[in-house]
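Below is a briefing on the fold of one protein chain.

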Amino acid sequence: FVKMHVNSLRNKTRTQRKALTNRLTLLPNEIACAQYVQGRIYRNHQAEQLSALMVLTLNNLNSINASLGFDIGDKLINMIAQRLNTLSEDNAKIFHSSNNQFFIFIDETDYHDIEAFAHQALQTTFFSNYVEQYEVEVSACIGIAIAPHDGNHYDALLRRAHTALTKA
């Protein structure tokens, strides 16, 4: 009975981990982002600290997929995911939301650090991207929402970041 219970708990944990992970990049996904961000926003609000939710979108991924194929597009996404993940620090966390979109949450910070981090994140997409025999150029843009000024809930910050992304 105990062995069955332990196996059941392992399977449940494995299933939960899969539900919170993007299958392509193995980065935490949007569901994991929502859970993480909401907890951090609350904690930072209590400490009167700034947080930022960034939405980074790869603009031309559809044309890359159409011209070179989804395998090349997937490899490109993984390259960029790895580069973004190298930026991850104690106060920054990277999430892969959808095919062409990444979320970045940075907390315990100030406006200057948020701006600098956003520039770093964009720079990761501008490097020469060699995928198999192709040199692939990527264009990207980023939208930023800052808590508490743009909201104190994940949904509000996500809407504001998407609005900023649209304007970018």
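Strand E1 (residues 50-58) and strand E3 (residues 101-109) run antiparallel and are joined by 8 bridges; two strands pair if DSSP finds at least two bridges between them. Helices (H or I, at least four residues) and strands (E, at least two) are DSSP runs, numbered from the N terminus. The model is predicted: local features need pLDDT of at least 70, side-chain atom pairs count only at pLDDT 80 or more, and totals for chains, interfaces and linings use all residues. Residues are numbered from 1 along each chain as its sequence is written, and side-chain values use heavy atoms, with hydrogens and water left out.

**Sheet**

- E1 also pairs with strand E6 (residues 140-147), in the antiparallel sense and over 8 bridges.
- Ser51 stands opposite Asp107 in E3 and opposite Ala147 in E6.
- Val55 has Gly143 as its bridge partner in E6.
- The open sheet has 4 strands in the order E2-E3-E1-E6, with antiparallel pairing.
- E2 and E6 stand at the edges with a single partner strand each, so one side of each has no neighbour in the sheet.
- From one strand to the next, the twist averages 20 degrees.

**Cover of the sheet**

- In E1, 9 of the 9 residues are buried, where buried means under 20% relative accessible area, exposed over 50%, and partly exposed in between (1.4 Å probe, protein chains only).
- Both faces of E1 are covered, with Leu50, Ala52, Met54, Leu56 and Leu58 buried on one side and Ser51, Leu53, Val55 and Thr57 buried on the other.
- Helix H5 (residues 111-126) lies across E1, E2, E3 and E6, at about 160 degrees to E6.
- Helix H6 (residues 154-167) lies across E1, E3 and E6, at about 140 degrees to E6.
- Axes are lines fitted to C-alpha atoms, for helices over the stretch in contact, and angles run from 0 to 180 degrees between N-to-C directions.

- H4 (residues 70-87) has 18 residues and reaches 26 Å from its first C-alpha to its last, close to the 26 Å expected at 1.5 Å a residue; the expected span is 1.5 Å times one less than the number of residues.
- The buried residues of H4 are Ile72, Gly73, Leu76, Ile77, Ile80, Ala81, Arg83, Leu84 and Leu87.
- H3 (residues 61-68) packs with H4 at an angle of about 140 degrees, and their axes are 7 Å apart.
- H3 and H4 are therefore oblique to each other; angles under 35 degrees count as roughly parallel, over 145 as roughly antiparallel, 65 to 115 as roughly perpendicular and the rest as oblique.
- Leu61, Ile64, Asn65 and Leu68 in H3 meet Phe70, Ile72, Gly73, Leu76 and Ile77 in H4, a contact being heavy atoms within 4.5 Å.

**Two single residues**

- Ala81, in H4, counts as buried because its relative accessibility is 4%.
- Ala81 is in contact with Thr25, Leu27 and Phe102, leaving aside neighbours within four places in sequence.
- Ala81 and Thr25 are 56 residues apart in sequence, and their C-alpha atoms are 6.6 Å apart.
- Asn91 is in the loop between H4 and strand E2 (92-98) and is buried, with a relative accessible area of 17%.
- Not counting residues up to four places away in sequence, Asn91 touches Phe105, Ile106, Asp107, Glu108 and Thr109.

**Whole chain**

- The chain has 6 helices and 6 strands, in the pattern α-α-β-α-α-β-β-α-β-β-β-α along the sequence.
- Of the 168 residues in the chain, 42% are buried.
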